[in-house]
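Subject: Structure handover

Hello,

Here is the structure I said I would pass on. My notes follow below it.

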Amino acid sequence: MKPFRLTNKELEIMRILWNTTEPMTAGEIFGKSPDGVSIYTVQNSIKGLLPKGAIAIDSYTQVFKSNARRYKAALSESDYAYMQVKNFYKQVDSSKPTQLMATLISEYDNVDDISEIEEIEKMLAERKAQIVKKHNGSE
């Protein structure tokens, strides 16, 4: 998937879809949108998200006398975040994530739960094992 950036309105819609388990119509998304956002803004944002591949049409449903599409997120929040970080690193020509990880761990205020640190340690150990296995297998 080619990297892309979401507009503020598109990001609002994605947050709504990321925080639900069920596909939603444009009207339902509008109902969960912040005050001041019109249904037309929601519909235009959906039109922008579809070709980017950020959302997909899940199904159709009857709304009054017409059919409505139900949308779901096709791109996860973590995949979008990864896309943005990867694109940033590509632009600044840096291939080592060590400094970024150190900054995230030291500056991110929500990492007060020891289980978060343990999960990061587990992921690092798994990745290290993969790399060791790859290097040992290629010798």
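At roughly what angle do the axes of α1 and α3 cross? They cross at roughly 85 degrees and come within 9 Å. Axes here are lines fitted to C-alpha atoms, for helices over the stretch in contact, with angles from 0 to 180 degrees between N-to-C directions. That makes α1 roughly perpendicular to α3 (under 35 degrees is roughly parallel, over 145 roughly antiparallel, 65 to 115 roughly perpendicular, the rest oblique). Helices (H or I, at least four residues) and strands (E, at least two) are DSSP runs, numbered from the N terminus.

Before going on: this is a predicted model, in which local features need pLDDT of at least 70 and side-chain atom pairs count only at pLDDT 80 or more, while totals for chains, interfaces and linings use all residues. Residues are numbered from 1 along each chain as its sequence is written, and side-chain values use heavy atoms, with hydrogens and water left out.

On the α1 side, the contact (heavy atoms within 4.5 Å) is made by K9, E10, I13 and M14. From α3 come T41, V42, S45, I46, G48, L49 and K52. By class, this contact has five nonpolar, three polar and three charged residues (nonpolar: Ala, Val, Leu, Ile, Met, Phe, Trp, Tyr, Cys and Pro; charged: Asp, Glu, Lys and Arg; polar: the others, Gly among them).

A search of the whole structure finds one cavity of 30 Å³ or more. On a 1 Å grid over the protein atoms alone, a cavity is a set of points where a 1.4 Å probe fits but cannot get out; a pocket is an open set with protein on both sides within 12 Å along at least five of seven lines; lining residues have an atom within 4 Å of a point. The largest cavity has a volume of about 40 Å³ (the space filled by probe spheres set on points joined across faces, edges and corners). Its lining includes K9, I13, T41, V42 and S45. Helix α1 (8–18) gives the largest share, four residues, and α3 (39–52) supplies at least two.

The second largest pocket holds about 170 Å³ of space. Among the residues that line this pocket are T25, I46, R69 and Y71. Both α3 and β2 (66–73) give two or more residues to that lining.

Regards
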